[in-house]
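Here is a report on a single chain.

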Amino acid sequence: MKKIIKVAGSIYKEELLMPLEKNILPNTTVLEATHPYAHYYGQVPQVPKPNSLFLLTRKFYFLEEFLALVNQISDCWQDQINFASAYLEYKGKQYPAIRLKHFPNYERLQYLQNCLKDFGMEFMPKIQYEGKSVSRVQKFFEMYEVEPGIFFDNEERNKGYIFCDEQFNNQQFELTLQRLRNNSNCGLMDAVQGDIMVDGILVKIIRVYAEGIQSSQLKCLKSEFNKSFSRLERKEKVAFF
């Protein structure tokens, strides 16, 4: 029997967002991720259909607060839309947002906005927003363990998770990811960092995307990331002293 865990946590990454101009409420800002797995598809001649939308709101909604609102308006749709709370960092400012995945038809986006508005959600007025930004998405994860510290997503194919043994910061993660992309036997992949709460403990994770992902690939990456983080941490301590 698979060991399945359901936990709350966050994923954060830099991504390119572009504004939608059609099928949205007037004077609102809706952004679309143009390359959701940029590191992966940036190296092969293939462009995926964007699968993330961000609806900018006037205030930040905590995950449990937003999901309570979503439950009230569940009659507005019959599709398995993935909702999450988010904020975006863009040109030195932070913008609260609602993240949507697996939205079935962009022509229905205005209808969903109206449903949310009817239950009290206020959308941010239209702003100029286009380009790279850092997103932090609060969401629920459902994953199952295949080896200690290695999990597959239980709802989305081609996604896996590494529970890191070493602590790391954003700079250490980016340096390691760059090295793995340029010189690694672990295969082509896209990776972003995050954290989850497990039994009251904050756990650093790395989410990996790769088509046909295998546990052997995740095991290879886990070893490489942990070795790199440990080495970088020792260098920082030596530099400090």
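D199 is exposed, at a relative accessible area of 78%. Exposed means over 50% relative accessible area, buried under 20%, and partly exposed in between, with a 1.4 Å probe and protein chains only. D199 sits in the loop between β9 (190-198) and β10 (201-209). Its phi is positive, about 55 degrees, although D199 is not a glycine.

The model is predicted: local features need pLDDT of at least 70, side-chain atom pairs count only at pLDDT 80 or more, and totals for chains, interfaces and linings use all residues. Residues are numbered from 1 along each chain as its sequence is written, and side-chain values use heavy atoms, with hydrogens and water left out.

**Positive phi**

N23 also has a positive phi without being a glycine. N23 lies in the loop between β1 (4-19) and β2 (30-33). The table sets the two loop residues side by side.

| Residue | Phi | Relative accessible area |
|---|---|---|
| N23 | about 60 degrees | 35%, partly exposed |
| D199 | about 55 degrees | 78%, exposed |

A glycine joins the topic: G120 follows α3, and its phi is positive, near 105 degrees.

**The chain overall**

The chain has 5 helices and 10 strands. These are DSSP runs, numbered from the N terminus: helices are H or I of at least four residues, strands are E of at least two. Of the 241 residues, 49% count as buried. The accessible surface is about 13,100 Å², and carbon and sulfur atoms hold 49% of that surface. Areas come from the Shrake-Rupley method with a 1.4 Å probe; for residues, only the protein chains shown count as cover. Contacts are heavy atoms within 4.5 Å. Among contacts with a separation of 6 or more, 70% join residues 24 or more positions apart.

**Cores**

In soluble globular proteins, nonpolar side chains tend to be buried together. Here the largest nonpolar core has 24 residues. Such a core is a set of buried Ala, Val, Leu, Ile, Met, Phe, Trp, Tyr and Cys residues joined through side-chain atoms within 4.5 Å. L55, F66, L100, L109 and L116 have the most contacts inside this core. Two or more residues each come from β3 (52-56), α2, β5 (93-101) and α3 (109-118). The largest share, 4 residues, is that of α3. A second, separate core has 20 residues, including Y144, I150, A210 and F229.

**Helix α3**

Which residues of α3 are buried? They are L109, L112, Q113, C115 and L116. Seen down the helix axis, they fall within an arc of 160 degrees, so they line one face of α3. The arc is taken from the directions from the helix axis to the C-beta atoms. The face turned away from the buried side carries the exposed K117 and D118. The buried residues of α3 pack against β2, β3, α2, β4 (82-90) and β5. L116 touches L55, F66, L69, I73, M121 and F123, leaving aside residues up to four places away in sequence.

**Two more positions**

L67 lies in helix α2 (residues 63-72). L67 is partly exposed, with a relative accessible area of 23%. L67 and S85 are 18 residues apart in sequence, and 8.7 Å apart in space, C-alpha to C-alpha.

S10 belongs to strand β1. At 6% relative accessibility, S10 counts as buried. S10 touches R136, V137, Q138, F141, Q193, G194 and D195, not counting residues up to four places away in sequence.
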